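Me: I am new to this structure and would like to go through it slowly. Could you take my questions one at a time?

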Amino acid sequence: MTRAHLPGILAMAAIVLASNILVQFLFGQWLTWGAFTYPLAFLVTDLMNRIYGPGPARKVVFAGFVVGVVCSLIGTQIMLQGDGYSYPAVTLRIAIGSGLAFLTAQLMDVAIFDRLREGTWWRAPLASTLVGSTLDTALFFTIAFSAGLSWIEPANDVSWANEILPFLGSGPDAPLWMSLAAADWMVKLSLALLALIPFRLIVSKARPEQKSA
């Protein structure tokens, strides 16, 4: 890791930190503000991969993972008040789901990008982000809220997330957490397309000797 990689590390750390804070604030019925900042982590990973290669990209991912773990540990110690009882700002299931989803999805992103890096400029960042985002959403929401995984943290009541409601308000009946996951996934996919613009601009301005491909 060199000084040239520091902007990527700082950017990833800032995104993870901001997302951990903004996830506490609702945006509409199905989303939080964190849904709009977290996908930028894939842009940072792809930029590092394109400019410096998969090795530095993985190191940036691990830096983001460490920041996420620290945020989760702090969150588990912060007690909130509501409905006459106290509860942690971050539950064990959310902490495990967040960390595992981030690390798995980001490393998958790095691997797919590296395999496709010799193709058309947009193919590697788009494919890697789409696969990584889908994996991230599936892992996080399943681990954090699925009733089938209640054994992870028996004391954590996730019945609210498993309430049966119309999917996204108008579809077939499904647990609430599936609607939350679908809304989050759609935001990630939309931002994956928009992120191609800054990706192209930043890569085009990188010094030729910086680019690994």
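**Helix packing and aromatic pairs**

Reply: The crossing of α5 and α6 is right-handed, a term used when the near helix is turned clockwise from the far one by less than a right angle. This is a predicted model, in which local features need pLDDT of at least 70 and side-chain atom pairs pLDDT 80 or more, while totals for chains, interfaces and linings use all residues. Residues are numbered from 1 along each chain as its sequence is written, and side-chain values use heavy atoms, without hydrogens and water.

Me: Are α5 and α6 roughly parallel or roughly antiparallel to each other?

Reply: Helix α6 covers residues 123-145, and α5 packs against α6 at an angle of about 160°, with the axes 8 Å apart. Angles over 145 degrees count as roughly antiparallel and those under 35 as roughly parallel, so α5 and α6 are roughly antiparallel.

Me: Which parts does the pair of tyrosine 38 and phenylalanine 102 tie together?

Reply: Tyrosine 38 and phenylalanine 102 form an aromatic pair (ring centres within 6.5 Å), with 6.2 Å centre to centre, and at 65° between the planes the pair is edge-to-face (over 60 degrees). Tyrosine 38 is buried (under 20% relative accessible area) at 15%, and phenylalanine 102 is buried at 5%. Because the two residues are 64 apart in sequence, their pair ties together the loop between α2 (34-37) and α3 (40-52) and helix α5 (residues 92-116).

Me: How is the pair of phenylalanine 140 and phenylalanine 145 arranged, and what is the angle between the planes?

Reply: Phenylalanine 140 is buried at 18%, and phenylalanine 145 is buried at 8%. Their rings lie 6.0 Å apart centre to centre, in an edge-to-face pair whose planes are at 90°.

Technical notes: Phe/Tyr/Trp six-rings, centres within 6.5 Å; stacked < 30°, edge-to-face > 60°. Helix = DSSP H or I, 4+ residues; strand = E, 2+ residues; numbered from the N terminus. Buried < 20%, exposed > 50% of the residue type's maximum accessible area, 1.4 Å probe, protein only. Axes fitted to C-alpha atoms, helices over the stretch in contact; angles between N-to-C directions. Parallel < 35°, antiparallel > 145°, perpendicular 65-115°, else oblique.
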